[in-house]
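Opening the notebook on a new chain today. I want to look up the core, then the overall layout.

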Amino acid sequence: KDNYVLEYDWNVGEDGTGSVSWHLVRATLLKGLNGTYSLARVPSGTQVTYDLEVELTMPMIGMLKRKAEKVIINLALSELKKRVEG
């Protein structure tokens, strides 16, 4: 479990295309956390491509690392959904 602060850069045009990126400002266990949502128009709506890079301050066994990745991804997608629907 960690508490962290991210800084966001919103580069989205009025047409809904562009990107939202973020980087880690401070955290306890994370050394780095960088990510991007790339938004592109497609005939059925908007395609979102999600990229994430995480660097921890300590080594972690594979099983725990995968669980942490899943938590981070689910939280990120949940927050994106709130932002889009809000």
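Which residues make up the largest nonpolar core? I'm working from a predicted model here. I looked the core up and got nine residues: Val20, Trp22, Leu24, Leu30, Leu33, Tyr37, Leu39, Ala76 and Leu80. Next I checked which elements supply them. Strand S2 (18–27), strand S3 (30–42) and helix H1 (62–85) each put in at least two residues. S3 gives the most, with four.

Then I picked one core member, Ala76, and asked what alanine 76 is in contact with once its neighbours within four places in sequence are left aside. I found Tyr37 and Tyr50. Tyr37 is itself on the core list.

Back to the layout. I count one helix and four strands in the chain. Reading from the N terminus, I get β-β-β-β-α. I also looked at how far apart in sequence the contacting residues are. Of the contacts with a separation of 6 or more, 29% are between residues 24 or more positions apart.

Overall dimensions next. I noted a box of roughly 45 × 25 × 20 Å for the C-alpha atoms, taken along the principal axes.

How much of the chain is buried? I got 15% of the 86 residues.

Last entry: charges. I have 11 positive and 11 negative in the chain, and their mean positions sit 10 Å apart.

Methods: Residues are numbered from 1 along each chain as its sequence is written. This is a predicted model: local features need pLDDT of at least 70, side-chain atom pairs count only at pLDDT 80 or more; totals for chains, interfaces and linings use all residues. Side-chain values use heavy atoms; hydrogens and water are left out. Buried means under 20% relative accessible area, exposed over 50%, partly exposed in between (1.4 Å probe, protein chains only). Contact means heavy atoms within 4.5 Å. Lys and Arg count as positive and Asp and Glu as negative; His and the chain ends are not counted. The place of a charge is taken as NZ of Lys, CZ of Arg, CG of Asp or CD of Glu. A nonpolar core is a set of buried Ala, Val, Leu, Ile, Met, Phe, Trp, Tyr and Cys residues joined through side-chain atoms within 4.5 Å.
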